[in-house]
Amino acid sequence: MKPQRIIYGTAWKKERTTDLVLAAWQAGFRAFDTACQPKHYREDLVGEALIKIMQTGAKRSDLYLQTKFTPISGQDAASIPYNPALPVAQQIAQSFAISQKNLNTAYLNALILHSPLASVEATLDAWRAMEIIFNQGGTQQLGISNCYDVDFFKQLYARSNVKPTILQNRFYAKTGYDAALRAFCVEQDVCYQSFWSLTANPHILEQAFITLLYRRLCKTPAQIFLRYLTARDITPLTGTCDVQHMQEDLSIFDFELSADELASIDHLLVAL
């Protein structure tokens with residue numbers, strides 16, 4: 001498939017997951033993010049939506065689908081989907097098998113480690129198990145999420161056999177918008193995916209310069225900011241439950257921001 005430019009996120013949709021994934025598909029989304037983490041995701045209901053999508057004549061190759069292995073620290077103790085008493089390699093194998101069953105697919109386009117483990121060494125142990133899945137054809141890419149330490153990520157990259165091609169992080173001011181990490185991602189051709197891109201940045205959307213662009217382009221502040229992200233080699237996740245917003249999010253590629261306009265928004269991220 002072509003590289004994804006925007007992804008529909010399925011977290012926190014609960015019982016509405018099937019209907020919302022179908023709505024996103026009908027709006028035009030072809031890339032979906034989920035996780036084997038019952039605490040925040042209904043991966044099984046994403047799978048139900050995918051069955052209905054396939055019944056319309058779509059092929060598996062028409063979809064980009066990524067899921068995550070969530071370590072014990074990110075799970076609800078009452079609903080861990082794998083045996084937490086097993087070594088991490090077996091936890092990952094069990095979690096991936098459940099994801100395949102939930103999503104009714106033989107392979108994933110990407111498998112993401114939902115967060116680093118307690119140390120680089122422990123994370124590498126988990127990564128080796130993910131590499132086995134990759135080498136067996138279970139996934140086409142590997143990635144990591146919630147990794148904000150540039151040195152940690154560089155160590156993972158240097159010491160892994162199958163290099164991470166995705167880094168998925170919250171995009172917000174607290175981490176300086178991951179400037180150093182994003183620069184490294186550009187150097188190594190790693191796709192940087194952002195979540196909470198709008199939720200964490202109302203102070204950006206409310207700036208006078210964004211309002212000026214809104215008036216000139218007749219695009220919403222959200223559309224302008226998402227278009228800015230894609231122009232800066234960032235693939236945003238959007239989890240909107242509003243069909244109109246889904247359509248607006250997909251239409252961000254209908255306009256361009258000039259180099260000066262992009263630079264002005266760069267300055268907003270640094271200045272605020």
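At 11% relative accessibility, Glu261 counts as buried, where buried means under 20% relative accessible area, exposed over 50% and partly exposed in between (1.4 Å probe, protein chains only). Glu261 forms a salt bridge with Arg216, with 2.6 Å between the closest N and O atoms. A salt bridge here is a side-chain nitrogen of Lys or Arg within 4 Å of a carboxyl oxygen of Asp or Glu. The pair links distant parts of the chain, 45 residues apart: Glu261 is in helix α11 (residues 259-271) and Arg216 in helix α8 (residues 208-217). Helices (H or I, at least four residues) and strands (E, at least two) are DSSP runs, numbered from the N terminus.

This is a predicted model, in which local features need pLDDT of at least 70 and side-chain atom pairs count only at pLDDT 80 or more, while totals for chains, interfaces and linings use all residues. Residues are numbered from 1 along each chain as its sequence is written, and side-chain values use heavy atoms, with hydrogens and water left out.

The whole structure has seven salt bridges, including these:

| Salt bridge | N to O distance |
|---|---|
| Arg216 and Glu261 | 2.6 Å |
| Arg227 and Glu256 | 3.0 Å |
| Arg128 and Glu131 | 3.4 Å |

Arg227 lies in helix α9 (residues 221-231) and Glu256 in the loop between α10 (243-250) and α11, so this pair ties together parts that are 29 residues apart in sequence. Arg227 is buried at 5% relative accessibility, whereas Glu256 is exposed at 55%. Arg128 and Glu131 are three residues apart in helix α4, which means that about one helical turn separates them. Arg128 is partly exposed, with a relative accessible area of 32%, and Glu131 is buried, with 4%.

The next topic is the nonpolar core, a set of buried Ala, Val, Leu, Ile, Met, Phe, Trp, Tyr and Cys residues joined through side-chain atoms within 4.5 Å. The largest one has 67 residues, and those with the most contacts inside it are Phe32, Phe153, Leu167 and Phe225. Helix α4 (residues 120-135) gives the largest share of this core, seven residues. Leaving aside neighbours within four places in sequence, Phe225 is in contact (heavy atoms within 4.5 Å) with residues including Phe171, Leu198, Ile204 and Leu269.

Two residues other than glycine have a positive phi. Lys14, with a phi of about 50°, lies in the loop between β1 (7-9) and α1 (17-27) and is exposed at 57% relative accessibility. Asp189, with a phi near 60°, lies in the loop between α6 and β7 (191-195) and is exposed at 69%.
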